[in-house]
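Subject: Structure for you to look at

Hello,

Here is the structure I promised to pass on. Please open it beside this note, which goes through what turned up.

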Amino acid sequence: MKKLLTLSLLALSAGVASLPAHANDKATIDAMEGYFEFVDYGGATIFPEQIPKEDWKKFFVIDARDAGQFDKGHIPGARNIDWRQVLARRNEIPKDKPVLIYCNQGTLSAQAGFALRLAGYENVRILQGGMSEWQAKGGFDAAQQPTPLGGKH
């Protein structure tokens, strides 16, 4: 499956880079179909309120923002690995425990998380909404916050 996915992504990259956006190229479409079969619903995202306070210590937390943003504030215990460096520094990232990756809003960490998952890291989750949502929902106490009407987070 991984070999097929890798070949599909290579075809996708080559096809997208060389074709206009409106082109109907079979290799590109086949590569996209392979991608959609690979990715699960939700793209391995998790909301801050889904993580009980006591479970945060179980995660290897990656702050995927640049060092300047990290220095201005980050989730306590997080390691700073710029989103563009996750593959180059993957030897620092465990495969035997849950990995949580975040950025400001979730966009860049989603890209980094996707790259890690393609590299075989099935234990990676992206913090939905990033640092902004984590702070807005109460940080480590997000799971203890009252639920909105309707009973779901």
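Predicted model: local features only at pLDDT ≥ 70, side-chain atom pairs only at ≥ 80, totals over all residues.

Residues are numbered from 1 along each chain as its sequence is written, and side-chain values use heavy atoms, with hydrogens and water left out.

Strands (E, at least two residues) and helices (H or I, at least four) are DSSP runs, numbered from the N terminus. Two strands pair if DSSP finds at least two bridges between them. E2 covers residues 60–63 and runs parallel to E4 (residues 99–102), with 4 bridges joining the two. E2 also pairs with E3 (residues 79–80), again in the parallel sense, over 2 bridges; there Asp-63 has Asn-80 as its bridge partner.

E2 is covered on both faces: Phe-60 and Ile-62 on one side, and Val-61 and Asp-63 on the other, are all buried. (Buried means under 20% relative accessible area, exposed over 50%, and partly exposed in between, with a 1.4 Å probe and protein chains only.)

Together with helix H3 (residues 67–72), E2 and E3 make a right-handed β-α-β unit. Right-handed here means that, with the strands pointing away from the viewer, the path from the first strand over the helix to the second runs clockwise.

**Aromatic rings**

The whole structure holds 4 aromatic pairs. Rings of Phe, Tyr and Trp (its six-membered ring) pair if their centres lie within 6.5 Å; planes under 30 degrees apart count as stacked, over 60 as edge-to-face and the rest as tilted.

Trp-56 and Phe-140 are an edge-to-face pair, because their ring centres are 5.3 Å apart and their planes at 70°. Trp-56 lies in the loop between E1 (45–46) and E2, and Phe-140 in the segment after helix H5 (130–136), 84 residues apart. Trp-56 is buried at 5% relative accessible area, whereas Phe-140, at 24%, is partly exposed.

Phe-140 also pairs edge-to-face with Trp-134, with centres 5.3 Å apart and planes at 85°. Trp-134 is buried, at 8%. Trp-56, Phe-59, Trp-134 and Phe-140 form one aromatic cluster.

Regards
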